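Here is a friendly tour of one protein model.

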Amino acid sequence: MAKKTLEKTTASAQSGTQKFYCCRCGRAYGRQKGYFPVSHSPMYRGSGYLPFCNECVEEMYEGYVHELGDQREAMRRICMKLDLYWNGSIYDMAERSSGTNSRVRNYIGKTNIVRYIDKTFDDTLQEEARDGGERSGLYAAVESEEDGVDTAEAAQCVNTPQEVIDFWGGGFSDEFYAELERRYGDWMASVPEPEKLSHTERSLYRQICMLEASISRDSARGKPIDKSVNTLNTLLGSMNLKPTQKKEELDGELENLPLGVGIQKWENSRPLPPTPEELRDTSGLVKNITTWFLGHACKMVGLRNSYCKMYEQAIEKYRVKFPEFSEEDDDDMLSDIFSSAGGQEEAEAP
């Protein structure tokens with residue numbers, strides 16, 4: 001049956017469609033992604049994938065479990081066979097976060113995160129030889145030992161809450177968790193509404209924080225950081241967080257906005273601070289322009305608003321009012337006028 005399948009797929013491959021074959025079962029697949037485990041081993045660098053399909057890897061793992069009677073040791077044996085990096089902390093993470101994927105596929109996926117992406121089983125042998133046996137502690141213990149910190153003390157994250165470990169993943173020291181939390185808080189402070197971020201956006205921010213912390217740590221140790229910096233720039237570009245992207249986005253937005261809408265947007269987002277006492281309208285220039293120009297214009301066109309009321313109140317004291325008499329008597333009116341004029345002349349006489 002396998003021979004017939006191989007012949008059939010070979011004929012289709014000759015017709016122009018590229019096929020990828022599993023070296024163990026001989027099955028052909030149209031693409032490697034999703035069907036073959038990813039590998040960063042130098043032996044498979046040409047393709048970037050293991051030559052065994054996912055089903056065969058799981059079958060080999062189950063065979064070692066049946067033979068050795070220990071799932072943990074079976075996973076280590078698979079890592080040795082496939083030149084994968086083995087670490088007890090990765091196995092523990094795969095156990096805690098087991099989902100729809102099988103245990104072996106979940107473990108291989110964990111070896112492709114940033115911390116372990118370039119490690120193979122050779123690194124496992126070097127670490128075990130340095131530690132004097134198989135290492136079952138956390139990955140942060142070895143890193144702390146290189147800095148002169150006691151391994152057993154660094155392996156215990158006694159000061160880090162469990163929800164923080166679940167958010168960032170296991171395998172870090174307390175100091176590294178604190179740095180990740182600080183960087184994540186700085187990024188969230190620049191987000192207008194962080195509670196509305198989607199799961200994908202939070203995951204990208206988390207990766208940015210991990211890359212920044214890793215770059216800072218590797219730079220202090222003199223390790224190459226070019227690859228991490230390029231990855232970080234790619235993440236920042238995918239989220240439009242680069243300074244050049246921010247400036248282009250702001251300039252393009254301002255060009256398409258009316259002046260009044262742009263001013264209102266600035267006032268809502270970044271309002272002007274209160275005017276200092278020494279810069280306020282102490283001479284009344286702004287009030288006079290508002291009252292006698294804007295208020296007068298509103299009065300002329302019939303607009304009843306606050307400017308029109310200011311104008312009416314200001315002009316009221318300049319209006320001339322004639323005296324009103326209860327009866328229309330010309331003699332009383334003339335007497336009042338002449339008496340007022342005579343009193344005024346006497347007051348002006350020397």
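**Overall picture**

In the protein, 41% of the contacts with a separation of 6 or more are between residues 24 or more positions apart, where contact means heavy atoms within 4.5 Å. This is a predicted model, in which local features need pLDDT of at least 70, side-chain atom pairs count only at pLDDT 80 or more, and totals for chains, interfaces and linings use all residues. Residues are numbered from 1 along each chain as its sequence is written, and side-chain values use heavy atoms, with hydrogens and water left out.

- The protein has 17 helices and 2 strands; these are DSSP runs numbered from the N terminus, with helices (H or I) of at least four residues and strands (E) of at least two.
- Of its 350 residues, 31% count as buried (buried is under 20% relative accessible area, exposed over 50% and partly exposed in between, with a 1.4 Å probe and protein chains only).

**The pair α11 and α12**

- Helix α11 (residues 199–220) packs with helix α12 (residues 226–238) at an angle of about 155°, and their axes are 10 Å apart; the axes are lines fitted to C-alpha atoms over the stretch in contact, and angles run from 0 to 180 degrees between N-to-C directions.
- That angle makes α11 roughly antiparallel to α12 (under 35 degrees is roughly parallel, over 145 roughly antiparallel, 65 to 115 roughly perpendicular and the rest oblique).
- On the α11 side, Leu204, Gln207, Ile208, Leu211, Glu212 and Ile215 take part, meeting Ser228, Val229, Thr231, Leu232, Leu235 and Leu236 of α12.
- The residues of this contact of α11 with α12 comprise 8 nonpolar, 3 polar and 1 charged (Ala, Val, Leu, Ile, Met, Phe, Trp, Tyr, Cys and Pro count as nonpolar, Asp, Glu, Lys and Arg as charged, and the others, Gly among them, as polar).

**Cys53 and its surroundings**

- Cys53 lies in the loop between β2 (28–29) and α2 (54–68), and is buried at a relative accessible area of 0%.
- Leaving aside residues up to four places away in sequence, Cys53 touches Cys22, Cys25, Arg27, Tyr29, Tyr35, Phe36 and Pro37.
- Pro37 is 16 residues from Cys53 along the chain, and their C-alpha atoms are separated by 6.9 Å.

**Cysteines and disulfides**

- Searching the whole structure gives 0 disulfides, a disulfide being a pair of cysteine sulfur atoms within 2.5 Å.
- For Cys23, the closest cysteine sulfur is in Cys22, at 6.4 Å, which is too far for a bond.
- Cys23 is exposed, with a relative accessible area of 59%, whereas Cys79 is buried at 0%.
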